[in-house]
Amino acid sequence: MSLRASLSALRIPARRPVVPAARLSTAARPAAALPRAQLVVPAAWRGLSTTARAALESSRVVGDGGPDEIAHHGINVDKATSMDSHPPPEPGADFNVVMIGAGNIMFGSDEGPWNHSFRLEHKLGPRLKVTALIDPNESRARAVLDAKCASFVESAYKDTKIFKTIEDYSADLKKQKAADPHAIVIGCPPAYRGGTTKGTDLEVQLLHHFPKVAYFVEKPVGTGTVEAAKQVTDLLVKNGNVVSVGYMLRYLRCVQKMKQIIHENNLTVMATNARYSCAYEAIAKPAWWNKAIDMGPVIEQGTHFCDLSRYFGGDVDVKSVVAHSIEWYEEPGKLSKIPIDESKIPEDQRIPRLTGAVWKYANGAVGSFTHAVALQGTAYACELEVWADGYLMRLVDPYNAPTLYVRRPGDDHEERHVYTDDDPFFSEISNFVDAIEGGPDPHILSSFEDATKTYELTWAIRLASEASRRPLSSA
């Protein structure tokens, strides 16, 4: 999971207004109490227009939420999407879920807001029944189940069985003559999935044992070759499973607002510019600093912003990717507060300190991405810019306090959009469940096929930067 200790647990404060602001900077804003949401336009401003609220039409379930599809995708930017504003779960038949992985992404931690079990509990209420938890670490699995059973959601977990492997669970299911689960949520490390060889082929094994079940898969899709991920994609597409991949930033209301502006003004994106600066001092996981394990920061961490870039720019001409890096042995790459002993990592597997890439999209637009291992402390600095004729949209701090700044034709000032009552993690889980059950206007914004395209882009960036780096002997 990206973002380590930089993120605080998700909080849902009172709504803040959508307020135009003159010459705003990206500096942190004070958390002052603000009045109820309204659009305030100073009289002195000339010709400022804002996107009008429009009634949403019912639309089809989409496969990947790509740049050519209509705005919203079932995410109404004018309605809160946080859990505390969502209608209470309706009574009904049990909804059986199998969870693969008993770690932080599934059950939460102090490092950030991710916690799939929490969102499923809120979406399904007493209908949720976790029939199996699969993790080779049985003591960890037992510990998280004990904690759940000691809480108000005991009914969802009191009959959960622990298994070390998918094969063990499948055999038990056949022995008990029980029905397949409705959904399998995959939160194990990416090294175990997205591939075709034994030990990396989790999706292939799931298709063998549970061919009609829906899958929710964490990102990135794997750590193996892009070709292997494409083979897995072909199997999933051919089989027709409901599959959602956890690129949750697509579900942000700020992101969907950007989609709305593009759609309503018939814009063609000219360029995307993404910047991701992590606070490396707080990343004390040795695997993250080792390209042989976590594949490097662009693939493991920057993947969210490469994905958002593609979400607006479309398919990438992978052959056009050009990239450069600052390596650990170069003078600008010498860091003073690395929290692990990097000398234990082979020199050729140490991560770059900065990677910068440029590419062409299939339609001729230009994309760029910079990932920096440079900041200290705990706060990350992340921004995405999307350019079109007359428009500049800037998405700032999407993980903690998502804010959208928009400059439009007719005025040089920026308007600001803030949605504090937002939870993209809940939105992606809610839409996943609705897609399975035929709920109201469900939309899966990241298919496995589309997520594989993001995986391909991140690998292209890494390989291009490695091909152009200065040799260690000349540093």
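**Notes on the predicted model**

1. Contacts in the chain. Of the contacts in the protein chain with a separation of 6 or more, 78% are between residues 24 or more positions apart. The model is a predicted one, and every value below is computed from it. The protein chain holds 13 helices and 15 strands.

2. Burial and surface. The protein chain has 475 residues, and 55% of them are buried. Its accessible surface is about 20,500 Å², with carbon and sulfur atoms contributing 54% of that area.

3. Helix 6 and helix 7. Two packed helices are described by the angle between their axes and the distance between the axes. For helix 6 (residues 202-209) and helix 7 (residues 226-239), the axes come within 10 Å and cross at roughly 25 degrees. Angles under 35 degrees count as roughly parallel, so helix 6 is roughly parallel to helix 7. The crossing of helix 6 with helix 7 is left-handed. On the helix 6 side the contact involves Glu203, Val204 and Leu207, and on the helix 7 side Val232, Leu235, Leu236 and Asn239. Sorted by class, this contact of helix 6 with helix 7 comprises five nonpolar residues, one polar and one charged.

4. Helix 11 and helix 13. The axes of helix 11 (residues 303-313) and helix 13 (residues 448-468) come within 9 Å, crossing at roughly 115 degrees. Helix 11 and helix 13 cross in a right-handed sense. Helix 11 contributes Thr303, Cys306, Asp307 and Arg310 to the contact, while helix 13 contributes Asp450, Lys453, Thr454, Leu457, Thr458 and Ile461. By class, the contact of helix 11 with helix 13 has three nonpolar, three polar and four charged residues.

5. Ile262. This residue sits in helix 8 (residues 253-264). Is Ile262 buried or exposed? Buried means under 20% relative accessible area, and Ile262 counts as buried because its relative accessibility is 12%. Not counting residues up to four places away in sequence, Ile262 touches Leu267, Val269, Phe312 and Met393.

6. Asn290 and Met295. Asn290 is placed in the loop between strand 8 (269-279) and helix 9 (291-294), and Met295 in the loop between helix 9 and helix 10 (297-300). Asn290 is buried, with a relative accessible area of 11%; Met295 is buried too, at 11% relative accessibility. Leaving aside neighbours within four places in sequence, the contacts of Asn290 are Met295, Ile345, Pro346, Gln349 and Ile351.

7. Backbone points to check by eye. Most residues other than glycine have a negative phi, and most peptide bonds are trans. Met295 is not a glycine, yet its phi is positive, at about 75 degrees. Asp397 also has a positive phi, near 50 degrees. Asp397 lies in the loop between strand 13 (391-396) and strand 14 (403-407), and is partly exposed, with a relative accessible area of 23%.

8. A cis peptide. Which form does the peptide bond from Lys219 to Pro220 take? The bond from Lys219 to Pro220 is cis, with omega near -15 degrees. Pro220 belongs to the loop between strand 6 (214-217) and helix 7.

Definitions and conventions: Residues numbered from 1 in each chain as written. Predicted model: local features only at pLDDT ≥ 70, side-chain atom pairs only at ≥ 80, totals over all residues. Heavy atoms only, no water. Axes fitted to C-alpha atoms, helices over the stretch in contact; angles between N-to-C directions. Helix = DSSP H or I, 4+ residues; strand = E, 2+ residues; numbered from the N terminus. Parallel < 35°, antiparallel > 145°, perpendicular 65-115°, else oblique. Left-handed = near helix turned anticlockwise from the far one by under 90°. Contact = heavy atoms within 4.5 Å. Nonpolar A, V, L, I, M, F, W, Y, C, P; charged D, E, K, R; others polar. Buried < 20%, exposed > 50% of the residue type's maximum accessible area, 1.4 Å probe, protein only. Areas by Shrake-Rupley, 256 points an atom, 1.4 Å probe, with all protein chains shown as cover.
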